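Please look over the sequence and the structure, then read the points below.

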Amino acid sequence: MATSDTKLADTDEKIFIGKGEETAWLTLALANRHGLVTGATGTGKTVTLQVMAEGFARAGVPVFAADIKGDLSGISEVGEAKDFILKRAKEMGLTFQPDQFSTVFWDVFGEQGHPVRATVTEMGPLLLSRMLDLNDVQEGVLNVAFRVADENGLTLIDMKDLRALLDAIAPDGSKKAADDEEDPLAPIRKAAQGYGNVSKATVGTIQRQLLVLENQGGAKFFGEPALTLKDFMRTDRDGRGIVNILVADKLMQSPRLYATFLLWMLSELFEELPEAGDLPKPKLVFFFDEAHLLFTDAPKALMDKIEQVVRLIRSKGVGVYFVTQNPIDVPDKVLAQLGNRVQHALRAFTPRDQKAVAAAAQTFRPNPKLDTARVIMELGKGEALVSFLEGGGTPSMVERVMVRPPSARIGPITPEERKAIMDASPVKGKYDTAVDAESAYESIQKRLAGTAAPADGSAGGEGGGILGQLGSIASTIFGTNVKRGRMSTGQVIARSVTRSVTDKVIGGVAADLGKSLGGSVGGSIGRALVRGALGGLLRR
C-alpha cells in the first residue's frame, strides 16, 4: 500500500497494523511467537484479521484462516475506496491504494471451496474420539481398533472402513468357541480382546456416534485424495503468500467437527514440518477463529497435548493466532504462549464480562499513560489495544491505536467471483473428485469371502515372513505386481507410513526391518505406523 508517510508502509521486517500516539508494528521475525485477537462482536476483529493477513501475504508468508461469516473472502478482490475507508486513511496519514491477494478457498463439504479430506488413519484415535464425544471407555475401544488395524494392515481411509473394522473387533455371540476356526475374522477379534475387554455394547455406541457425525456431513471429511499441507504453503508469481480461506459458515453448525478439524491441521503441521529455529519470517501463519470451541469441554489429556503443540510448533516456523471474544476463553497455559496481542472493545454487563475485562487488562504490559481496564470498555469500532513482541522477544507496552484500513475489499464476494477464483486455482482438479481406494472395508470383505491372506500377512514359500512383506511392498510401489487402476494393500500401507517419495518409504520399512531383526522377528509392517502427539501418523 502506498502511503504519504513512507515510514508507515510495510517493510521486509515488519507489518504496519495501526497508529495512535505510537505506531503499532508486528515484527515478522517474532510473528511465529503466536498471538491473540479478542473483542466483542462487531468491534472489528475480522477487519483486524484481514489487515494482518494482508500484511503477511505482502511479506511472502502464506496464510490459513477460517472464515466463519464469509466476510474474509473479500481479501481476494480489489478494495473499494469507500468514504469511511478514505477518512480513516487520511486520519492516519495514509493514501489508500486498492489491492487484492491471491486466494484459495477450501470447504470440508466441497460446496464453496476445494474439498478438504483426511483419512481416518491420519486423524488418529485421540482426535477422532474428541470429534465423536466419546467417554474414556469408548475411547479405549477406539484405540484398540486402531492398534488392531495397524498390526493387520487394515488401512482406515473413510467411514465405511472404520465401521467395518468396528464390526470385525466386536464379539460375535452367535458363534461358539469351537467354531472360531470357521470365522474368518476370528484372528482380528482375538487380537482386539488381547488388549482388553471389547464389548459389543461399547462398539454399538461408537457406531451410533459415527452415525451422528455422518448426519452432520462429517463423513465428507474422511476419504482420499487426502490434503497435502504443502498446498497451503504456496506463494504466487509475485512472491506474495497465498491466502487460504476455509469456508466455515456451514461447518460451524457442527462446532466439535470444526474445532477438531482445525486441531488436526495444527497437529499435521507440527508433525510434518522440520525444525526451523528462528526465521526472518514465518513459513505459515494460522488464524483459528472462534478459538473457544477448541477448549470447550476438552479433557485434561487433550488440553496437555494442545498446549504442547502450541508451545513447540513455533520452532517449525508456524505462527498460530487465536481469534475469540474473551481472553478468558483461552486456558492460561496456552495464553502464556501468545506474545502478540490485539484487544478490541469488551462490554462489562455481567460479572463474567467484568472478569474478562480485568483479565484482559492484566495480560498486557502496563503503560503509565493508560488505564487499560477502563480503555478496553471505551474503545470504538476499529480501535484496539495492542502489544507486540519487540527486541529480544519482550512485549511492548500496551498502546491504544486505530487499526489501518484493509487494502482489499471488506465483506463477502459474490458466487460468480468465487467460481472464477476456483477455476483459476493452483490446486484445481487435485482434490475435487473423491477416490475410493482399496482399504480396510475391501480387505475385510475379502476375508469374509475367503479370498484374503491370513491376518498376520504371512504366506507360504519364500514369499512369507517379514522379508516377503518388504519385497511385496517394494514390488507394489514400483508397480510390478499391481493391476492398473487399483491400489494394492501394500501401496495403501506404504502411503500410510509416509506420503513422501519412494526411497523414503523403502528406507523407513528397511529401518523397521533392521529393528525387528535386532530384536524379535515377527512384527508386522503395520507396527511401523508411529503416532505423534495428537494421535495422527508421525511422518518423519
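From strand 8, Leu284, Phe286 and Phe288 point one way, while Val285, Phe287 and Asp289 point the other way, and all are buried. Buried means under 20% relative accessible area, exposed over 50% and partly exposed in between, with a 1.4 Å probe and protein chains only. Strands (E, at least two residues) and helices (H or I, at least four) are DSSP runs numbered from the N terminus.

The model is predicted: local features need pLDDT of at least 70, side-chain atom pairs count only at pLDDT 80 or more, and totals for chains, interfaces and linings use all residues. Residues are numbered from 1 along each chain as its sequence is written, and side-chain values use heavy atoms, with hydrogens and water left out.

**Whole chain**

- The protein chain has 18 helices and 14 strands.
- Of its 540 residues, 54% are buried.
- Among contacts (heavy atoms within 4.5 Å) between residues at least 6 apart in sequence, 76% join residues at least 24 apart.
- The chain exposes about 23100 Å², of which carbon and sulfur atoms supply 52%; accessible areas come from the Shrake-Rupley method with a 1.4 Å probe, and for residues only the protein chains shown count as cover.

- Twelve strands form an open sheet with mixed pairing, in the order 2-1-14-11-10-3-9-8-4-7-5-6; two strands pair if DSSP finds at least two bridges between them.
- Strand 2 (23-27) and strand 6 (114-115) stand at the edges with a single partner strand each, so one side of each has no neighbour in the sheet.
- Strand 8 (residues 284-289) has six of its six residues buried, so it is largely enclosed by the rest of the structure.
- Strand 8 runs parallel to strand 4, joined by three bridges, and the bridge partner of Phe64 in strand 8 is Phe286.
- Six bridges join strand 8 to strand 9 (residues 318-324), and these two also run parallel; Asp289 stands opposite Val323 in strand 9.
- Strand 10 (residues 340-343) and strand 11 (residues 383-387) run antiparallel and share three bridges, with Leu385 in strand 11 as the bridge partner of Gln343.

**Around Asn244**

- Asn244 lies in strand 7 (residues 243-247) and is buried, with a relative accessible area of 0%.
- Beyond its neighbours within four places in sequence, Asn244 is in contact with residues including Phe64, Trp106 and Phe232.
- The side chain of Asn244 reaches the backbone oxygen of Phe232 at 3.0 Å.
- Asn244 and Phe286 are 42 residues apart along the chain, and their C-alpha atoms are separated by 9.5 Å.

**Aromatic rings**

- Rings of Phe, Tyr and Trp (its six-membered ring) pair if their centres lie within 6.5 Å; planes under 30 degrees apart count as stacked, over 60 as edge-to-face and the rest as tilted. By this rule the count is 16 aromatic pairs.
- One of them joins Phe64 and Phe232, with ring centres 5.0 Å apart and planes at 40°, so the pair is tilted.
- This pair links distant parts of the chain, 168 residues apart: Phe64 is in strand 4 (residues 63-67), and Phe232 is in the loop between helix 7 (200-215) and strand 7.
- Both Phe64 and Phe232 are buried.
- Ring pairs link Phe64, Trp106, Phe232, Tyr258, Phe286, Phe288, Phe295, Phe322 and Tyr431 into a cluster.

Key: A polar contact is a pair of N or O atoms within 3.5 Å; within protein, one must be able to donate a hydrogen and the other to accept it, and residues adjacent in sequence count only if both atoms are side-chain atoms.
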